[in-house]
Amino acid sequence: MTRAEREQFDEDGYLVIRGALSPDEVEFYRNAIDRVHARHTPGESLHLLSAVRHCPDLAGLLDHPAVFGYVWSMMGWNTHVYHSHIDVHPRVKEEKPFWWHWHQDGGRQNREIETDPRPRLSVKLAYWFSDVSRPGRGNLTIVPGSHKTNWLPGPPRRGVEWPTPDGAQQVLVEPGDVLFFDRRIWHARSDNHSDVTRKVAFFGYTSRWIRIRDEIEDLPAQSWWENISPVQRQLLGNVGDGSGDHAWGHFPETTPLYGELAARGLLDSSIPALIP
Ligand SMILES: O=C(O)CCC(=O)C(=O)O
């Protein structure tokens, strides 16, 4: 990540990486998502947690070379994927009752941490496989620059009608583009009013000393497990002896991402998260 990108991310809370995936990659991953969709909720919307567990073909997105540098530049080498999901949304069939979807990621982190602003703690990649280059196609909606604001004026309950927050923007992206965002940026899914079914995969990265929300327990027993790389296994929560001590980062030499960054001379000691 360049200094300019870091400054922009710090200022806006997100970056868009255009054309991160090639057309062939888009087709490969979109087909994989289509198969999962057909198996789970054909014709209906899908919001499926634990992306790689349900769709091992997506493992290459865990550390895709076009965008993974943004993740480790922010999170350092002691990181893993704590939360991931596959989302497929066809055109909404009928107007649903109002629901205030706006949130920051991290659940209770936003209640139980007392600082203002709260710390970043995690970042997320959103890989787009459908054309949402126009509004109204189920675009992710964000308030740029809102990641250092702990509280957004909103309704007393999520079901109470309330205006869209000031400054909200639909993210306009094409298949193969990736959105990299700070978990604290205020964001919400929007409804798809088009005939273009919305397809996207999200991967959230946090420090290994924060517990994984995805289901990971049985992954090492899966037939595909041996085919993925040590870094991908680390990102799926399996590294070292599995102890809390290892997760605290006490053993960089047996943490694959550390080894890889060290071998490539990428451990920039001016970034605290990259220092062993
Ligand atoms: O599906 C979306 O656009 C919203 C996703 C979201 O809210 C999230 O990643 O936390």
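**Ground rules.** I number residues from 1 along each chain as its sequence is written, and I work with heavy atoms for side-chain values, leaving out hydrogens and water. As the model is predicted, local features need pLDDT of at least 70 and side-chain atom pairs count only at pLDDT 80 or more, while totals for chains, interfaces and linings use all residues.

**Ligand shell.** I got His 85, His 103, Asp 105, Lys 124, Leu 140, His 187, Arg 189, Arg 198 and Phe 202. Sorted by class, that shell has four charged residues (Asp, Glu, Lys and Arg count), two nonpolar ones (Ala, Val, Leu, Ile, Met, Phe, Trp, Tyr, Cys and Pro) and three polar ones (the others, Gly among them).

**Ligand oxygens.** I looked up distances from a ligand oxygen to a side-chain N or O atom. For Arg 198 I noted 2.4 Å, for Lys 124 2.6 Å, and for His 103 3.0 Å. I also checked burial: the ligand alone exposes 290 Å², and the protein buries 92% of that (Shrake-Rupley method, 1.4 Å probe).

**Salt bridges.** I counted 16 in the structure, each a side-chain nitrogen of Lys or Arg within 4 Å of a carboxyl oxygen of Asp or Glu. One of them joins Arg 35 and Asp 57, at 2.8 Å from N to O. This pair links distant parts of the chain, 22 residues apart. I placed Arg 35 in helix H2 (residues 23-40) and Asp 57 in the loop between helix H3 (51-54) and helix H4 (68-75); helices are DSSP runs (H or I, at least four residues), numbered from the N terminus.

How values were computed: A residue is near a molecule or strand if one of its heavy atoms lies within 4 Å of it. A polar contact is a pair of N or O atoms within 3.5 Å; within protein, one must be able to donate a hydrogen and the other to accept it, and residues adjacent in sequence count only if both atoms are side-chain atoms. Helices (H or I, at least four residues) and strands (E, at least two) are DSSP runs, numbered from the N terminus.
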